[in-house]
Amino acid sequence: MKLVGSEFELMKTFVERNCGIHLEPGKEYLVETRLADLAIELGCRSFLEFHSTALADTTGKLKGRIVDAMTTNETYFFRDDNFWTYMREVGVPELLRKAASGPVRVWSAAASTGQEAYSVAMLVDETARSMGKPHLAGSVEILGTDISSAALFLAIAGRYDGLAIRRGLSDERRRRYFREDGSVWAISDEIKSRVKFRRFNLMDPLGALGGFDLVMCRYVAIYFQEDFKKDLFGRIAQVVRPGCALILGATETLRGHSEEFEPALHKNCTAYMRKTSR
Ligand SMILES: C[S@@+](CC[C@H](N)C(=O)[O-])C[C@H]1O[C@@H](n2cnc3c(N)ncnc32)[C@H](O)[C@@H]1O
């Protein structure tokens with residue numbers, strides 16, 4: 001099915017309103033390749049008809065399927081060496097130091113299929129064991145959220161195929177934290193129990209999520225317009241506890257988007273520390 005003329009504008013507006021993803025002119029092929037099958041499945045003869053069907057859907061189901069199709073869920077275990085060096089040397093030891101006096105909370109704000117959140121859980125476990133205090137790992141609560149139900153379905157299952165399990169995970173970690181189950185690898189129950197996932201749209205108010213001791217918002221704001229990024233980071237500042245870190249993807253910056261954080265460079269990773277006074 002071909003996307004013609006003003007149909008791109010209609011679909012672009014629909015997508016941006018519902019999940020913030022901004023589609024530049026020239027991304028017509030993306031809309032066409034990702035949504036044509038769904039439009040055909042619904043019996044639509046054009047994207048104009050598909051757009052009207054989407055607007056008329058009051059159940060939210062079609063909206064969800066469109067968002068699922070338009071999101072890019074690329075992720076892998078221990079993505080970006082510099083970030084994980086920061087986590088190993090600073091982030092996780094600091095979380096465990098605090099965990100000695102009560103639960104601490106970590107948020108993977110665009111968790112996709114779960115690799116980022118489970119990577120934190122594995123590193124927390126390893127670090128707590130190396131400190132001789134394995135029980136502390138249980139006091140680090142990890143929340144993974146994403147707008148894509150399809151991605152979250154895989155995250156919650158914690159089951160990865162041969163390709164996903166090879167991406168970023170050492171043989172040692174695979175042996176220690178996963179068990180082979182036919183053609184897939186399932187994360188251990190212990191690690192799984194420390195990570196909770198829920199569907200959440202970053203356009204929605206964050207207050208209900210509570211406060212966090214570390215937030216990862218990596219490789220999602222790259223899809224948003226400047227105004228929405230500013231709004232989002234302003235709201236994230238309200239849920240990052242004072243003195244705690246917000247981490248973005250290696251190619252992303254907070255510069256020009258929020259005054260509420262102070263950049264702190266650790267080797268080649270910038271952690272944005274929530275200012276303690278405003
Ligand atoms: C490229 S993945 C990033 C995964 C992971 N953070 C990483 O760095 O490997 C981007 C994720 O952002 C999610 N996403 C896009 N728009 C969103 C929104 N408005 N609210 C929540 N999640 C969103 C997508 O579903 C996708 O899974």
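Two residues are in contact if their C-beta atoms, placed from the backbone, lie within 7 Å. The model shown in these views is predicted.

**View 1. Domain 1 touches domain 2.** The protein chain is divided into domain 1 (7–70) and domain 2 (81–274). Their C-alpha centres lie 30 Å apart. Across the boundary, 7 residues of domain 1 are in contact with 11 residues of domain 2. On the domain 1 side, helix α4 supplies the largest share, 3 residues. By class, the domain 1 side that touches domain 2 has 3 nonpolar, 3 polar and 1 charged.

**View 2. Helix α2 packs with helix α4.** Helix α2 covers residues 28–41, and helix α4 covers residues 61–70. The axes of the two helices are 9 Å apart and form an angle of about 150 degrees. Angles over 145 degrees count as roughly antiparallel, so that is how α2 and α4 run relative to each other. Their crossing is right-handed. From α2, the contact uses Arg34, Leu35 and Leu38. From α4, the contact uses Arg65, Ile66, Ala69 and Met70. Sorted by class, the contact of α2 with α4 has 5 nonpolar and 2 charged residues, with no polar ones.

**View 3. Residues surround the ligand.** The ligand is surrounded by 24 residues. Thr71, Thr75, Ala110, Ser112 and Leu202 are the closest. The shell around the ligand has 10 nonpolar, 9 polar and 5 charged residues. Both domains take part: domain 1 (7–70) and domain 2 (81–274) each give at least three residues to the shell.

Definitions and conventions. Residues numbered from 1 in each chain as written. Predicted model: local features only at pLDDT ≥ 70, side-chain atom pairs only at ≥ 80, totals over all residues. Axes fitted to C-alpha atoms, helices over the stretch in contact; angles between N-to-C directions. Helix = DSSP H or I, 4+ residues; strand = E, 2+ residues; numbered from the N terminus. Parallel < 35°, antiparallel > 145°, perpendicular 65-115°, else oblique. Left-handed = near helix turned anticlockwise from the far one by under 90°. Nonpolar A, V, L, I, M, F, W, Y, C, P; charged D, E, K, R; others polar. Near = placed C-beta within 6 Å. Domains from an automatic or database assignment.
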